[in-house]
Amino acid sequence: MSEIRLHSKYDSISCRNNVLELQQKYPFIVLNVIGTSLLGRPIFEISVGEGEKKIHWNGAFHANEWITSPLLIKSLERYCNAIVQDLKIEGVYAQNIYDQIKLSIVPMVNPDGVDLFHYGSAIAGLYKPLVERINAQHNHETFTSWKANIRGVDLNNQFPANWDIEQKRKPILPSFRDFPGYCPLSEPEALAMHQLSIHRSFDRVLAFHSQGEVIYYGYNQAEPSISKDVVSNFQKKSGYLPIRTIDSHAGYKDWYIQHFRKEGYTIEVGKGINPLPWSTFNEQDRRVSKICMSSLIL
Ligand SMILES: [Zn+2]
C-alpha cells in the first residue's frame, strides 16, 4: 500500500490534509475537532480503536518542534496499515491492539505557531504587530526560535501544576518562548488539551517535543510505579535516557500526572538545535515509532 506524502515544510494545512487522507484510506479513523486556535485553525484529534485502555499522543505544543507532527502521523499510518494488513506490532497483532486500546492523537497542538515558523508574520493577522515587536526585541530576523502560540504564550507552561512558580521566574510579558500567560489555561490551544484530557482521562499520555533524546516521566513523586518500567522499555527501544524529574512546572505532562496520578511522559525527540532538520526525519521516525508502538502494548 502506498504511503502518504509528508510535506517537508510541515504546516497546519499539511497536517490537515494528511489527517483527511488517512481517514479516507482507513475509514475506522475517527476525527474530532477539539478546539480552535487563536487564528481560527482547527485542532484535530484522531481516534483509533475500540478498547478500554486509553492512550494519548500529542505533538507540536511548541512551534519550532513541528517535526513531531509528521512523526506522529507516520506512526499513525504504520499502525493503521498493520491493522488492515493483519500485521504484528512489537510482536502483537495490530487487530488485537485495536480491540484493547483506544488511541487518541493530537498531532499539532499549536497550528498558529507552526505556521508562523514557516511563513512569518504575514500569517499572524491581528497578532502581526505583536510577533514583530517580540522578534525585534530579541534581534530575531526569522521565527525559527519561536516556541509560543501566536500571541507569545508558551502552551507548555500553561497548566495548573505549580503554575505560579513558573510565573514568578519566567518572562512576565508575551515572548517567543517561556511566557506562561497571565493565568493558567488562558490560551484556547492549552484549554482544548485540558478539556480533552479531563473528558477522556487517558491511562497514559505521551507528549512529543524536541530535542535531547531524553524522556521525562515523573512529577513531584506523583507518577504511578508502572511509569519507571514503561520508560525503561522506551529506553530499550529508542536509546532515549529516562529522567524522573527536573525543576520545571506547569507543563502538560506535569499537570496530567499530578491531576490523574496516571502515566505521563515528555519525550524529547532527536539531538541538535531546534528546529531539527528535515533530513533527520527517518532517523527520528525509527526511534519515535518504536516508542509509539511500545506505548500501545505495554
Ligand atoms: Zn517543547
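Donors are N, O and S atoms within 2.8 Å of the metal (3.2 Å for Na, K and Ca), and water is not among the atoms, so sites may look incomplete. The model is predicted: local features need pLDDT of at least 70, side-chain atom pairs count only at pLDDT 80 or more, and totals for chains, interfaces and linings use all residues. Residues are numbered from 1 along each chain as its sequence is written, and side-chain values use heavy atoms, with hydrogens and water left out.

**Exercise 1. The zinc site**

Find the protein donors of the zinc ion and classify their arrangement.

*Solution*

1. Start at the zinc ion: its protein donors are His-62 (ND1), Glu-65 (OE), Glu-65 (OE) and His-209 (ND1), lying 2.0 to 2.6 Å from it.
2. Now take the angles. Four donors count as tetrahedral if all angles lie between 85 and 135 degrees; four count as square planar and six as octahedral if opposite donors are over 155 degrees apart and all others between 65 and 115; anything else is irregular.
3. Here the 4 donor atoms subtend angles of 55 to 151°, so the arrangement is irregular.

**Exercise 2. The surroundings of β7**

Which strands pair with β7, and how enclosed is β7?

*Solution*

1. Look to β3 first: β3 and β7 pair in the parallel sense over 5 bridges, and Trp-57 has Leu-206 in β7 as its bridge partner. Two strands pair if DSSP finds at least two bridges between them.
2. Then turn to strand β10 (residues 263–269), which runs parallel to β7 and is joined to it by 7 bridges. Phe-208 stands opposite Ile-267 in β10.
3. Sort the side chains: Arg-204, Leu-206, Phe-208 and Ser-210 point one way from β7, whereas Val-205, Ala-207 and His-209 point the other way.
4. Finish with burial: 7 of the 7 residues of β7 are buried, so β7 is largely enclosed by the rest of the structure.

Terms used
Buried < 20%, exposed > 50% of the residue type's maximum accessible area, 1.4 Å probe, protein only. Helix = DSSP H or I, 4+ residues; strand = E, 2+ residues; numbered from the N terminus.
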